[in-house]
Each structure stands twice: as C-alpha cells, then as structure tokens.
Amino acid sequence: MKRIVIIGASSGLGERVALDFARYGFHVGIAARREDRLKRIKDEYPDRIHYKVIDVTEQDAVGRFNELIEDIGGMDILLYASGTGFQDPELTDEKIETTLAVNVTGFARIVAAAYRYFRSTANLHPGQIAAITSVAGTRGIGIAASYSSSKRFQQQFLDSLEQLAYTQQVNVRFTDIRPGFVRTDLLKEDKDYPMIMSVDYAAPLIEHAILTRRRRAVIDSRWLIVNTLWRMVPRCLWKRVNLVSLSN
C-alpha cells in the first residue's frame with residue numbers, strides 16, 4: 001500500500017486530497033497547525049490516516065515531519081499544500097514576514113527533508129515530491145509582491161532539486177502544481193476573483209497530476225492560457241499591467 005504525507009491538510013485542497021487518497025487506499029499522513037481539524041479528518045478513515053501537529057515555521061517542524069513518516073511506515077509521496085499570502089500593496093512587515101516564513105523557509109526545510117529521506121531510501125522505486133505552488137509565481141505581481149515572489153522561489157527550488165537529484169542519482173520525481181484562484185480559506189469570500197475554481201473542481205485535477213507524476217501542471221486549462229500569455233508579456237509592458245482590480 002502506498003503512503004503519502006500531506007503538509008497543510010487541515011482545510012481546503014490539502015484536506016480534500018487527503019480524504020481522496022485515503023479513499024483510494026493510500027496510507028495518509030496529514031499535518032497542519034490545527035489539531036481539532038486534523039482529528040476530524042482522521043475520523044473519516046481512522047485506519048488509513050495518521051496526523052501530526054506541525055507548524056512549518058517552528059524549529060521542530062522537520063523532526064515532527066520525520067516522525068509522521070515513521071508513523072505511517074514510510075513515504076512514497078510528499079505533497080506540500082501549506083501556504084499563505086496576502087494582497088499587500090502597502091508592503092507591511094508582518095505580512096511579508098509571515099508569507100516568507102511559511103512559503104519560503106518552511107517550504108524549503110520540509111521539501112529538503114523529504115529529498116534527504118528519498119536520497120536514503122528511494123533506490124528501486126522512485127519517490128515523489130509534489131508541491132502546490134501557484135500561477136502567481138510566473139511574474140512578479142505588485143499587489144502581492146511577497147506572495148508571488150515566494151511562489152517563484154518554490155518553483156525554482158523544485159527545479160534546483162531536480163538538477164541535484166540527477167547529479168546525485170537520487171530516484172525521486174518532482175511535481176510542480178500551479179493552480180489559479182481556488183475558493184479556499186486563503187481567499188476572502190467577499191472578493192470577486194476571476195476564473196475562480198471550487199475545491200471540488202480543482203482537487204481531482206491536482207490528484208491526477210500527482211498520480212501521473214506530471215512535472216508541471218497548471219490548474220486548469222483557462223489558467224494555462226493565461227499563464228502562457230503572462231510569460232510572453234515584455235518586462236517594459238508588464239510593469240504597466242494594473243492588477244489592483246483583483247483587490248476590489
């Protein structure tokens with residue numbers, strides 16, 4: 001039976017993917033800060049789901065992550081679904097620090113720990129490191145500078161580890177999942193976001209990307225078009241693009 005560990009599984013996409021993989025027959029290790037929500041998810045599949053309270057910004061995060069791997073008897077797949085971000089045109093210190101702590105430092109430490117685990121164990125069967133990044137990592141977005149930059153970091157970090165894995169002959173695959181707007185706790189309910197997707201719609205597409213070991217997957221086809229067009233915009237024009245309307 002395969003085993004997946006999901007960081008950031010207490011709500012939204014992480015919760016839905018965890019429940020679906022448990023239904024598929026996986027042993028699932030889930031982690032987040034909110035123990036009450038983790039317990040509720042475990043109760044759905046008590047024999048297949050184990051949980052560990054992990055705050056990726058704390059120093060004990062990697063140790064607790066390794067304990068969770070032991071709790072489920074090993075790990076075939078890591079899904080990093082934890083994340084935070086803000087529309088922050090005022091560039092406030094608190095929002096910048098929070099975003100970078102979760103999306104950069106926390107992400108890098110957990111993903112690096114997963115890489116080290118697979119370097120030690122994934123000899124015959126490839127391991128997999130999957131992460132939910134964002135289409136926001138394609139270009140710097142002025143009203144969400146720290147968020148879009150942190151997502152770019154995540155994408156570059158996965159690219160770097162892929163090169164390192166080839167050099168070190170580590171049997172691990174990488175999946176960079178780049179959704180557009182998904183209606184989760186991260187987005188305010190009173191905002192009108194363009195081409196927004198429900199969790200019920202986005203989660204199966206994310207799961208398919210993981211199970212087929214896609215290297216990169218933009219969720220969904222509409223956002224793939226937008227993402228492609230963003231990359232084509234010259235820098236001299238991109239700086240003139242006004243995305244303030246997204247915050248209204």
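## Exercises on a predicted model

R37 is found in helix α2, residues 35-44, where helices (H or I, at least four residues) and strands (E, at least two) are DSSP runs numbered from the N terminus. Residues are numbered from 1 along each chain as its sequence is written. This is a predicted model, in which local features need pLDDT of at least 70, side-chain atom pairs count only at pLDDT 80 or more, and totals for chains, interfaces and linings use all residues, while side-chain values use heavy atoms, leaving out hydrogens and water.

**Exercise 1.** Work out whether R37 is buried, partly exposed or exposed, and find what R37 is in contact with beyond its neighbours within four places in sequence.

*Solution.* Start with the classes: buried means under 20% relative accessible area, exposed over 50%, and partly exposed in between (1.4 Å probe, protein chains only). The relative accessible area of R37 is 26%, so R37 is partly exposed. Next, take contact as heavy atoms within 4.5 Å. Outside its sequence neighbours within four places, R37 is in contact with S10, S11 and D185. Finally, look at V5: R37 and V5 are 32 residues apart along the chain, and their C-alpha atoms are separated by 16 Å.

**Exercise 2.** Find which residues touch the most other members of the largest nonpolar core, then list the contacts of L79.

*Solution.* A nonpolar core is a set of buried Ala, Val, Leu, Ile, Met, Phe, Trp, Tyr and Cys residues joined through side-chain atoms within 4.5 Å. The largest core has 43 residues, and V28 and L79 touch the most other members. With neighbours within four places in sequence set aside, L79 is in contact with I4, V5, I6, I7, V17, A130, A131, I132, I177 and I210. Apart from that core lies another, of 33 residues, including A108, A113, A114 and L158. As background, nonpolar side chains tend to be buried together in soluble globular proteins.

**Exercise 3.** Describe the overall fold in numbers: how many helices and strands are there, and what is the radius of gyration?

*Solution.* Count the elements: the protein has 8 helices and 7 strands. The radius of gyration is 18 Å, close to the 18 Å from the globule rule for 248 residues, so the protein is as compact as a globular protein of that length. Here the radius is taken over C-alpha atoms, and the rule is 2.2 Å times the number of residues to the power 0.38. Then check burial: buried residues make up 50% of the 248 residues.
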